[in-house]
Amino acid sequence: MEEKIGMGVVQQGPNDKGRFCPTCGGADVVASELTGGDGSCNICGWKGKVDELVTFHFSHDLGSTEQVFQNFFLDVRAIFSRELLEKMGTVLLKWGFLDMPIDKKLFARYTGAVAKAMTKAIFEVRKDVEKERHKTA
Ligand SMILES: [Zn+2]
């Protein structure tokens, strides 16, 4: 059984960025430090540009919770089922964010960004709830 959120095994390094594959959400990505450089995923084989990876800047986005956040993000990304992705694709097409034939890379950027925003939103609510508890305590 895998360890749950909060007991992550994510390595800590001098890098203050967390990068994830836009297609599978995997953290095992190779990324050039150069802007516009190449990136790839060791899990699903995605290849593209570094800018297309889902990136978190931990120092200002998240403070000290980065390890929890990385693992949590992976779990959030994993709930994007095929049905959910199909429905999302339909909505993006309807509103003109995608065209037929669907650009898979662009779609992956949208879904990666959605997973990131979901993860952040949940963390932000949690932060607010903790603040509110402190006030009333
Ligand atoms: Zn991948």
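1. Pro-101 sits in the loop between α3 and α4 (104-136). Helices here are DSSP runs of H or I with at least four residues, strands are runs of E with at least two, and both are numbered from the N terminus. The peptide bond joining Met-100 to Pro-101 is cis, with omega about -5°.

2. Basis of the note. This is a predicted model: local features need pLDDT of at least 70, side-chain atom pairs count only at pLDDT 80 or more, and totals for chains, interfaces and linings use all residues. Residue numbers start from 1 along each chain as its sequence is written.

3. Confidence. pLDDT is the predictor's confidence in each residue, from 0 to 100. The protein averages 77, and 77% of the residues score at least 70. Helix α3 (residues 82-94) has the highest confidence, at 91, whereas helix α1 (residues 58-61) has the lowest, at a mean of 54. Residues 1-15 have pLDDT below 50, and this stretch makes eleven contacts beyond near neighbours in sequence. A contact means C-beta atoms, placed from the backbone, within 7 Å. Where pLDDT is low, the predicted coordinates should not be read in detail.

4. Helix α3. Its 13 residues reach 18 Å from first C-alpha to last, close to the 18 Å expected at 1.5 Å a residue. The expected span is 1.5 Å times one less than the number of residues. Buried means 20 or more other C-beta atoms within 10 Å of a residue's own, exposed means 12 or fewer, and partly exposed lies in between, with C-beta atoms placed from the backbone. Gly-96 follows α3 and has a positive phi, near 80°.

5. The sheet. Three strands form an open sheet in the order β2-β3-β4, with antiparallel pairing. Strands β2 (29-31) and β4 (47-49) stand at the edges with a single partner strand each, so one side of each lacks a neighbour in the sheet. From one strand to the next, the twist averages 20°. Axes for such angles are lines fitted to C-alpha atoms, for helices over the stretch in contact, and angles run from 0 to 180 degrees between N-to-C directions.

6. Pairing requires at least two DSSP bridges between two strands. β2 and β3 run antiparallel and are joined by three bridges. Ala-31 stands opposite Gly-39 in β3. Three bridges also join β3 (residues 38-41) to β4, again antiparallel. Ser-40 has Lys-47 in β4 as its bridge partner, and Asp-38 has Lys-49 in β4. The β3-β4 hairpin has five residues between the strands, and Gly-45 takes a positive phi near 85° there.

7. The core. A nonpolar core is a set of buried Ala, Val, Leu, Ile, Met, Phe, Trp, Tyr and Cys residues joined through C-beta atoms within 7 Å. The largest one has 13 residues, and Phe-20, Cys-21, Val-29, Cys-41 and Leu-53 have the most contacts inside it. β5 (54-57) and α2 (66-78) each supply at least two of its residues. Beyond four places in sequence, Cys-41 contacts Cys-21, Thr-23, Cys-24, Gly-26, Asp-28, Val-29 and Trp-46.

8. Gly-26. This residue lies in the loop between β1 (17-20) and β2. Gly-26 counts as partly exposed because it has 17 C-beta neighbours inside 10 Å. Leaving aside neighbours within four places in sequence, Gly-26 contacts Phe-20, Cys-21, Cys-41, Ile-43 and Cys-44. Val-54 is 28 residues from Gly-26 in sequence and 9.9 Å away in space, C-alpha to C-alpha.

Conventions
Contact = placed C-beta atoms within 7 Å.
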